[in-house]
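I set down each term with its cut-offs where I use it.

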Amino acid sequence: VSTEPLSTTERTRLGRKPQRGAADRDELYAVLDSGLICHLAVVVNDYPRVLPTAYGRDDDTLYVHGSSGNSTLAAASGRQVCVTVTHLDGMVCARSVNNHSMNYRSAVIYGEARLVTDGDERIRALRVITEHLIPGRWEGAREPNRKELAATSVLAVPLAEASVKSRSGPPIDQEEDLTLGYWAGVIPVRTVFGAPESDTELPVPEHIYARAGHTLSG
Ligand SMILES: Cc1cc2nc3c(=O)[nH]c(=O)nc-3n(C[C@H](O)[C@H](O)[C@H](O)COP(=O)(O)OP(=O)(O)OC[C@H]3O[C@@H](n4cnc5c(N)ncnc54)[C@H](O)[C@@H]3O)c2cc1C
């Protein structure tokens, strides 16, 4: 794992409120490791396309996967892409409509997507994605067979050029609005799993309970 700080590039320089940016690589990892889906942006035939998709992280590589027939993944291969991960943590209500905001943690990553062709790396990437979503699931289900692997594309995006931004805390009102008599505060937002719903007579395995009992963004 790289210990290099997140150095700003022309593309990742925050314009507004740069104090909400993070320079620490660990903060990038924290945002990625606590998310479930990313948004992958690719230019396809001269127009932008943004695709929500699952992902996983292995050190400084982000992996996404999909059907080998997926035109977005095909268009992304060998091209510059942008990937975002967003956590919404709270609705911030100020005294004035204008000062309403959201508490969040988010990451924006730029890089060239590499089509993973090496057999071992493909398996490792699929395992990383599976284990990221539900730890313990790779051992808890059948591994992909040759036919399934042939029908799967895996892309790797380097975590070299990225920015992280977050907001937390109460609303920030203008001094003259503080005595207007409007309610102000934060409504927290959390992503939670529900109780597992079995599709089998078998007992629910521990790794499923462990995942279901976990509050993702809390
Ligand atoms: C859930 C959520 C809701 C938001 N709602 C609004 C809204 O309604 N209106 C609004 O103006 N802004 C909103 N933002 C903030 C928005 O994402 C931008 O940060 C903001 O518009 C200022 O952009 P900028 O001028 O700093 O950067 P830009 O000049 O737009 O972008 C320059 C670079 O800064 C980096 N960057 C910018 N924003 C982020 C980010 N959020 N996370 C990581 N890197 C970033 C990227 O690398 C980007 O390439 C929201 C953010 C989140 C996560």
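**Entry 1: Terms and ground rules**

I began with the secondary structure: helices (H or I, at least four residues) and strands (E, at least two) are DSSP runs, numbered from the N terminus. I noted that the model is predicted, that local features need pLDDT of at least 70 and side-chain atom pairs count only at pLDDT 80 or more, while totals for chains, interfaces and linings use all residues. Residues are numbered from 1 along each chain as its sequence is written, and side-chain values use heavy atoms, with hydrogens and water left out.

**Entry 2: The protein as a whole**

I looked up the secondary structure and found five helices and eleven strands. The C-alpha trace spans about 65 × 50 × 35 Å along its principal axes.

I then looked up burial, where buried means under 20% relative accessible area, exposed over 50%, and partly exposed in between (1.4 Å probe, protein chains only). Of the 218 residues in the protein, 38% are buried. Accessible areas come from the Shrake-Rupley method with a 1.4 Å probe, and for residues only the protein chains shown count as cover. The protein exposes about 12,900 Å², and carbon and sulfur atoms supply 53% of this area.

For contacts, the rule is heavy atoms within 4.5 Å. Among contacts with a separation of 6 or more, 72% join residues 24 or more positions apart.

**Entry 3: The nonpolar cores**

Which residues touch the most other members of the largest nonpolar core? I first wrote down that a nonpolar core is a set of buried Ala, Val, Leu, Ile, Met, Phe, Trp, Tyr and Cys residues joined through side-chain atoms within 4.5 Å. The largest core has 27 residues, and Leu28, Leu32, Leu62, Val64, Val81, Val83 and Ile109 touch the most other members. At least two residues of this core come from each of α1 (25-33), β2 (37-44), β5 (61-67), α2 (71-76), β6 (80-93), β7 (101-112), β9 (152-158) and β10 (161-167). Apart from this core lies another, of eleven residues, including Ile129, Trp138, Val154 and Ala156.

Leaving out residues up to four places away in sequence, Val64 touches Cys38, Leu40, Thr53, Ala54, Tyr55, Leu73, Ile129, Ser153, Val154 and Leu155.

**Entry 4: Around the ligand**

Which residues come nearest to the ligand? A residue is near a molecule or strand if one of its heavy atoms lies within 4 Å of it. There are 14 residues around the ligand, and Arg11, Ser106, Tyr110, Ser163 and Lys165 come nearest.

The side chain of Ser106 has an N or O atom 2.7 Å from a nitrogen atom of the ligand. In the side chain of Tyr110, an N or O atom is 2.6 Å from an oxygen atom of the ligand. The side chain of Ser163 places an N or O atom 2.7 Å from a nitrogen atom of the ligand. On its own the ligand has 850 Å² of accessible area, of which the protein covers 58%.

The elements giving two or more residues to the shell are β7 and β10. Strand β7 gives the most, with five residues. I sorted the shell with Ala, Val, Leu, Ile, Met, Phe, Trp, Tyr, Cys and Pro as nonpolar, Asp, Glu, Lys and Arg as charged, and the others, Gly among them, as polar. The shell divides into five nonpolar, five polar and four charged residues.

**Entry 5: Single residues**

Is Ser34 buried or exposed? Ser34 lies in the loop between α1 and β2, and counts as buried because its relative accessibility is 16%. A polar contact is a pair of N or O atoms within 3.5 Å; within protein, one must be able to donate a hydrogen and the other to accept it, and residues adjacent in sequence count only if both atoms are side-chain atoms. The side chain of Ser34 makes such a contact with the side chain of His87 (3.3 Å).

Arg16 is placed in the segment before β1, and is exposed because its relative accessible area is 63%.

Lys17 is also in the segment before β1 (21-22). Its phi is near 50°, a positive value in a residue other than glycine.
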